Amino acid sequence: MSNLAVLPIVIPLISGILLALIHKKIHLVRILAKIFTGLNLIVSLYIMYDVQQNGSIVLESGGWNSPFGIVLVADLLAIVLVVTTNIVALACVFYAPKSLSKQQEEFYFYTFFFMLITGVSGAFLTGDLFNLFVFFEVLLMASYALIVLGGGKVQLRESIKYVLINLFSSMLFVTTIAFLYSVVGTVNMAQIAERVQEVDQKGILTTIAIMLFFVFGTKAALFPLYYWLPKPYIVPNPVVSALFGALLTKVGIYSILRVFTLIFVHDPAFTHNFFIWIAGFTLIFGAVGALSTNNIKLVVAYNIIPAVGFMIMGIGIYNEAALSGAIYYLIHDMIIKAALFLLVGAIAYLAGTSDLRKIRGLIHQYPLLGWLFFLSAFVLAGIPPFSGFIGKLLLLQGGLESGEVVIVIIALLSSLLILLSLMRIFVRGFWGEKDDSIQVNKKAAQSFTIPVVFLLFFSVLLGVGAELFYPMIESISSYLLNPEIYIESVLKE
Amino acid sequence: MEIIMSILAGILFTIGIYNLLQKQLLRIVIGTALISHGAHLFILTMGKLKRGAPPILEYGISEYSDPLPQALILTSIVISFGVTSLLLVLAYRASKENNTDNMDQLRGNENE
């Protein structure tokens, strides 16, 4: 038995508590936060190495045998996502001191930040459905606090909507777990999966599956449940937006991926075909939303929605190529969304406004920032050498293998719209005549740039070094297509 | 008994959702509280009601009621308690800052 699997949850939890005790000594807190996040990244990288060598780690907490206690399952998918989470967290922790006001930083920003990381890592690693609900609440509570941090008028207004929609979907999650418990009599995911195969009444299970999809779809912002997402995501500080955009919706997608490859695989003709329809509408509406506005932060926030659509499309098509594509895209999108939110945050800070109509000619003052934005727009849209390309290529390949031509065409067209929405920012914000009213602030620009360069390095690496990562992603997707491996590793029959 | 409890939970959900769709902020908070009551009642009902003694180990009792849903409810209660108290404070601050507790007036499109 190995206790390694619990470390990505325990390290941020302890550091969050420690930093709450010394929250006034802001210089010390900043240094400690960087050290703890770095440590957490190193530990999760080591766990990833260990999982690759020796297979997935199953930790039975408290020594209780697996269907009876809570299990933590660090399989390759979960641990890869934990590593990505920590990469994003490291970039955000370096970006935060410049971006936040001193008052916001002193008021427990780092504590809530670490609680958010705790919740996200916990949600990735848990092997128990009710425990997943608890970790969802941990990360949501931290996100409620982060979204109102500062207490501006707009922030308060939007956070009420955010809290309400999440509270409602959490209560629905609890109800769904109650229904599932009454059918299969357990909340352990592996045992649920085993018993779902044995139950005769598949109708009630499909109903429960769709209810769970509704819950996770609300968290992940799928069509028609995405309406709450764009505005609350742009009102907090850019670093908080980056954390939200990179991590929160992806936890919802991960849950759908886990639940619909492990538990509810009894009627894919209904459930998974339904996902393809949802994916199509998510792609269209998200891309149109991104084109509909002149607020640069809102453009990036709307771009979360089609990205989620691509992943749900991969889950819907449900063959090896498409699942690999969805996982590749998931990892790529966590990194690039964080980078984009940090970039538009920096642009809005340096230009003094987030209204695209008032920004022009920034390339004269900030050439590096401009080219970084250009690069990340290419990464997001999926231009060949970068990471977005390989994910999309695999998704399209999987789609064509299964003969889903309509969704493939929609995906290609929405990629064009995504590229257009970001190029609009580049062309209108960076090109044009020099705007002399802007006070050049090289030092701020530099401290904003470093975390973005760090994130984009991983994005480019993920694209250029695809041969390095692809075997791992492929083994994850073939692992997901055979849920027996997961069930056996947890239940050990 | 399970049928009566299910109907009651359903009624709680109905009233809760009706209140969520109102304009007054406080009514919405009451709606969320009612929905969480409904959800907790559902967990209790779905774990089958009253099959034996309370789950405390005592000599000579062989039939106990299911302890797991009770633990789940207890967890869920404290979580929804925490979220509700946060929501109440948030609603208070938001109505102070924005000078209204009407959800229709809490809209806006600045910066667009």
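Trainee: At what angle do helix 5 of chain A and helix 3 of chain B pack, and how far apart are their axes?

Mentor: In this predicted model, helix 5 (chain A) and helix 3 (residues 67-98 of chain B) pack at about 10 degrees, with axes 11 Å apart.

Trainee: Why are helix 5 of chain A and helix 3 of chain B called roughly parallel?

Mentor: Angles under 35 degrees count as roughly parallel. The angle here is about 10 degrees, and therefore the two helices are roughly parallel to each other.

Trainee: Which residues make that contact?

Mentor: Helix 5 of chain A contributes residues including A:Phe133, A:Glu137 and A:Tyr144, and helix 3 of chain B residues including B:Ile79, B:Gly82 and B:Leu86. The residues of this contact divide into 11 nonpolar, three polar and one charged.

Trainee: What makes helix 5 of chain A roughly antiparallel to helix 10 of chain A?

Mentor: Helix 5 (residues 129-148) and helix 10 (residues 238-262), both of chain A, pack at about 160 degrees, their axes 12 Å apart. Angles over 145 degrees count as roughly antiparallel, so helix 5 of chain A is roughly antiparallel to helix 10 of chain A. The crossing is left-handed.

Trainee: What kinds of residues meet between helix 5 and helix 10 of chain A?

Mentor: Nine are nonpolar, two polar and none charged.

Trainee: How many salt bridges are found across the interface of chain B and chain A?

Mentor: Zero; the rule asks for a side-chain nitrogen of Lys or Arg within 4 Å of a carboxyl oxygen of Asp or Glu, and no salt bridge is found across this interface. The chains bury about 3300 Å² between them, 77% of it on carbon and sulfur atoms.

Conventions: Residues numbered from 1 in each chain as written. Chains lettered and ligands numbered in written order. Predicted model: local features only at pLDDT ≥ 70, side-chain atom pairs only at ≥ 80, totals over all residues. Heavy atoms only, no water. Axes fitted to C-alpha atoms, helices over the stretch in contact; angles between N-to-C directions. Helix = DSSP H or I, 4+ residues; strand = E, 2+ residues; numbered from the N terminus. Parallel < 35°, antiparallel > 145°, perpendicular 65-115°, else oblique. Left-handed = near helix turned anticlockwise from the far one by under 90°. Nonpolar A, V, L, I, M, F, W, Y, C, P; charged D, E, K, R; others polar. Buried area = accessible area lost by both parts, 1.4 Å probe. Contact = heavy atoms within 4.5 Å.
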